[in-house]
Amino acid sequence: RDLRAMVSDGTFRSDLYHRLVSVVLDVPPLRERPGDLVELVDIFLERIGEDLGHVTATKGARIRLAEHDWPGNVRELRNVLCSAAVATTNRFIEAADIDAAIERVGTAVRRAPSATSLAHAVELAGGNIAAAARALGIARTTLRDRLLAEAGRQ
């Protein structure tokens, strides 16, 4: 948003604007920083691995990641990798896993993960609900409640 224009319109506090404008960082979108993608993928996979166990992106998956324009920037990349890691049936994220994750994460209205995906995430995390929730990007209590609701339906 254009904060300067909002201050002029009276829709943003000028004192707050002057506090914020003292440090302005111009961070170009991820699509303009393709060199950062490799390092970010490795960092996110390492963090995902802390919760779900070691996961690796194949060369094909990395190529597919490089082809995407990342309108959601780094957050979208992280969410795609988490979604692909939870959905894969082994420890290797393939290009098809990336395509499916981009489709799931990239929708305008984010769908809740299926009960199967939730259970798979808990299984990958060795039964650790907190670790599975972190990997899914949801609160531990939300995951617990969804698992209990699903168990009640069965």
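Which residues make the nonpolar surface patch of about 340 Å²? The legends below take up this patch and other views of a predicted model.

Residues are numbered from 1 along each chain as its sequence is written, and side-chain values use heavy atoms, with hydrogens and water left out. Because the model is predicted, local features need pLDDT of at least 70 and side-chain atom pairs count only at pLDDT 80 or more, whereas totals for chains, interfaces and linings use all residues.

**Figure 1. Overall architecture of the predicted model.** The protein contains 9 helices and 2 strands, which are DSSP runs numbered from the N terminus (helices: H or I, at least four residues; strands: E, at least two). Along the sequence these elements follow the pattern α-α-α-β-α-α-β-α-α-α-α. The C-alpha trace spans about 55 × 40 × 25 Å along its principal axes. The radius of gyration is 19 Å, while a compact globule of 154 residues would have one near 15 Å; the value is taken over C-alpha atoms, and the globule rule is 2.2 Å times the number of residues to the power 0.38. The accessible surface comes to about 9800 Å², and 53% of this surface belongs to carbon and sulfur atoms. Areas are from the Shrake-Rupley method with a 1.4 Å probe; for residues, only the protein chains shown count as cover. Of the 154 residues, 32% count as buried, where buried means under 20% relative accessible area, exposed over 50%, and partly exposed in between (1.4 Å probe, protein chains only). Among contacts with a separation of 6 or more, 57% come from residues 24 or more positions apart; a contact means heavy atoms within 4.5 Å.

**Figure 2. The nonpolar surface patch at Val 23, Leu 25 and Val 27.** These three residues make a patch of about 340 Å². Patches are made of residues with over 30% relative accessible area and no salt bridge; like charges are joined within 9 Å, and nonpolar side chains (Val, Leu, Ile, Met, Phe, Trp, Tyr) within 5 Å. Val 23 is found in the loop between helix 2 (14–20) and helix 3 (34–52). Val 23 is exposed, with a relative accessible area of 59%.

**Figure 3. The salt-bridge network of Arg 64, Glu 67 and Asp 99.** A salt bridge is a side-chain nitrogen of Lys or Arg within 4 Å of a carboxyl oxygen of Asp or Glu. Side chains of opposite charge can pair when their charged atoms come close. Arg 64 is found in helix 4 (residues 59–67). Between Glu 67 and Arg 64, the closest N and O atoms of the salt bridge are 3.9 Å apart. Glu 67 and Arg 64 are 3 residues apart in helix 4 and therefore separated by about one helical turn. Glu 67 is exposed, at a relative accessible area of 56%. Arg 64 also forms a salt bridge with Asp 99, with the closest N and O atoms 2.4 Å apart. Because Arg 64 lies in helix 4 and Asp 99 in helix 6 (residues 95–105), the pair ties together parts that are 35 residues apart in sequence. Asp 99 is partly exposed, at 36% relative accessibility. Beyond four places in sequence, Arg 64 touches Ala 95, Ile 98, Asp 99 and Ile 102. The C-alpha atoms of Asp 99 and Val 80 are 9.0 Å apart in space, and the two residues are 19 apart in sequence.

**Figure 4. The salt bridge between Arg 13 and Asp 15.** The closest N and O atoms of this pair are 2.9 Å apart. Arg 13 is exposed, with a relative accessible area of 51%, and Asp 15 is partly exposed, with 35%. The count for the protein comes to 6 salt bridges.

**Figure 5. The surroundings of Thr 58.** Thr 58 lies in the loop between strand 1 (56–57) and helix 4. Thr 58 is buried, with a relative accessible area of 17%. Leaving aside neighbours within four places in sequence, Thr 58 is in contact with Phe 92, Ile 93, Glu 94 and Ala 95. Thr 58 and Leu 148 are 90 residues apart in sequence and, C-alpha to C-alpha, 35 Å apart in space.

Figure 6. After helix 7 comes Gly 126, whose phi is positive, near 65°.
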